[in-house]
Amino acid sequence: MAKRNITGEFRLVCFTDNPLGLRPEVETRQLPELGCEHPERTIGKWPKVALWGAELGGLSGPVLFVDLDSVIINNIDDYFSYGSPDDVILARNWAKPFSGMGQTSIFRFPVGKNSHILKNFRASAQSIADKYKFEQHYITSSVTGGIKFWPENWTRHFRLHCLPIFPLRYFVRAKFPKAAKVVTFPGGPNPSDIILGRWDEDFHPFQSGKQHIANALANSFSPKERWRYIKRYVLPCDWIREHWRE
């Protein structure tokens, strides 16, 4: 996806605990160390705070971070040139668009320029997690000089901008956001599952809406769990299959 949508040469560096099977063009690095105990009682992706250390796998200057479950659908050259090299630029948190909070599925930052973020977290990880709940809220509130946002149409949130509302998703496939450059999938479902017509790996591959509801009624769910299961329905999506391909 990156090669199809970036003009000229670029480096793709993957931070991973398992480099096996990756394309040879991909540079790999060990996952950066969080350097403290992971906070308890929180669902935030706190290991991502390790990106904000003074050093990051030998990288320098502004880098563009992209979650692995993002789908690049158009040219992303502008993500590298937008604003100043020292800016920290995030997608808007579309679940709470008026909160001023950012979302870290795709963001650009200068390596090492805000190392206090990791330093402060290591000193008080649990209290920070208790206060902010989510890693992206902590980042938004901690960047020196504040964050900036990508232009509104560049980054679209799959569930909020593409997936039809319930119950229309039983009959209408997710729409393709033509003006966007990247579609993000925070909180699921993931692109690889949508291609199969399921919400996640705990669901059957594509079934009709009638079958899906029948499964919900046949399982020993609580009323709340049953309703959650019924709402988590997605039709297979050809445009994701096309852009997610090798």
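Select Lys 133. Lys 133 is partly exposed, because its relative accessible area is 46%. Buried means under 20% relative accessible area, exposed means over 50%, and partly exposed lies in between, with a 1.4 Å probe and protein chains only. Lys 133 sits in the loop between α4 and α5. Helices (H or I, at least four residues) and strands (E, at least two) are DSSP runs, numbered from the N terminus. Check the backbone of Lys 133 too: phi is near 70°, a positive value in a residue other than glycine.

A word on the model: it is predicted, so local features need pLDDT of at least 70, side-chain atom pairs count only at pLDDT 80 or more, and totals for chains, interfaces and linings use all residues. Residues are numbered from 1 along each chain as its sequence is written, and side-chain values use heavy atoms, with hydrogens and water left out.

**Stop 1: Arg 41**

Now select Arg 41. How far apart are Arg 41 and Lys 133 in sequence and in space? They are 92 residues apart in sequence and 9.1 Å apart in space, C-alpha to C-alpha. Arg 41 lies in the loop between β2 (27–29) and β3 (62–66). Phi of Arg 41 is near 60°, again a positive value in a residue other than glycine.

Is Arg 41 buried or exposed? Arg 41 is exposed, because its relative accessible area is 64%. Show its contacts, meaning heavy atoms within 4.5 Å. Leaving aside neighbours within four places in sequence, Arg 41 is in contact with Gln 126 and Asp 130. Draw a distance from the side chain of Arg 41 to that of Asp 130: a polar contact of 3.4 Å joins them. A polar contact is a pair of N or O atoms within 3.5 Å; within protein, one must be able to donate a hydrogen and the other to accept it, and residues adjacent in sequence count only if both atoms are side-chain atoms.

**Stop 2: helix α5 and His 137**

Select residues 135–142. This is helix α5, and His 137 is in it. His 137 counts as buried because its relative accessibility is 12%. Its side chain reaches the backbone oxygen of Tyr 132 at 3.3 Å. Not counting residues up to four places away in sequence, His 137 touches Asn 93, Met 101 and Tyr 132.

Zoom out to the whole helix. α5 is mostly covered, with 7 of its 8 residues buried. Among the buried ones are Glu 135, Tyr 138 and Ser 142. What covers them? The cover of the buried residues includes β5 (89–92), β6 (102–110), α3 (116–123) and α4 (125–132).

**Stop 3: strand β6**

Move to β6. 9 of the 9 residues of β6 are buried, so β6 is largely enclosed by the rest of the structure. Two strands pair if DSSP finds at least two bridges between them. β3 and β6 pair in the antiparallel sense over 5 bridges. Pick out Pro 62, which stands opposite Pro 110 in β6. β5 and β6 also pair in the antiparallel sense, over 3 bridges. Here, Ile 89 stands opposite Arg 108 in β6.

**Stop 4: an open sheet**

Colour β4, β9 and β8. These 3 strands form an open sheet in the order β4-β9-β8, with mixed pairing. The edge strands are β4 (71–72) and β8 (155–157), each pairing on one side only. β8 and β9 (residues 182–184) run parallel, joined by 3 bridges. Find Thr 155: it stands opposite Val 182 in β9.

**Stop 5: two cis peptide bonds**

Select Phe 166 and Pro 167. A cis peptide bond joins them, with omega about 5°. Pro 167 is in the loop between α6 (158–162) and β9. Next, select Gly 188 and Pro 189. The peptide bond from Gly 188 to Pro 189 is cis, with omega near -5°. Pro 189 lies in the loop between β9 and α7 (191–195).

Select Gly 197, Arg 198, His 204, His 212 and Tyr 233. Of the 13 residues that line the largest cavity, these are the closest to its centre. About 80 Å³ of space lies in that cavity. On a 1 Å grid over the protein atoms alone, a cavity is a set of points where a 1.4 Å probe fits but cannot get out, and lining residues have an atom within 4 Å of a point. Grid points are joined across faces, edges and corners, and a volume is the space filled by probe spheres set on the points.

Technical notes. On a 1 Å grid over the protein atoms alone, a cavity is a set of points where a 1.4 Å probe fits but cannot get out, and a pocket is an open set with protein on both sides within 12 Å along at least five of seven lines; lining residues have an atom within 4 Å of a point.
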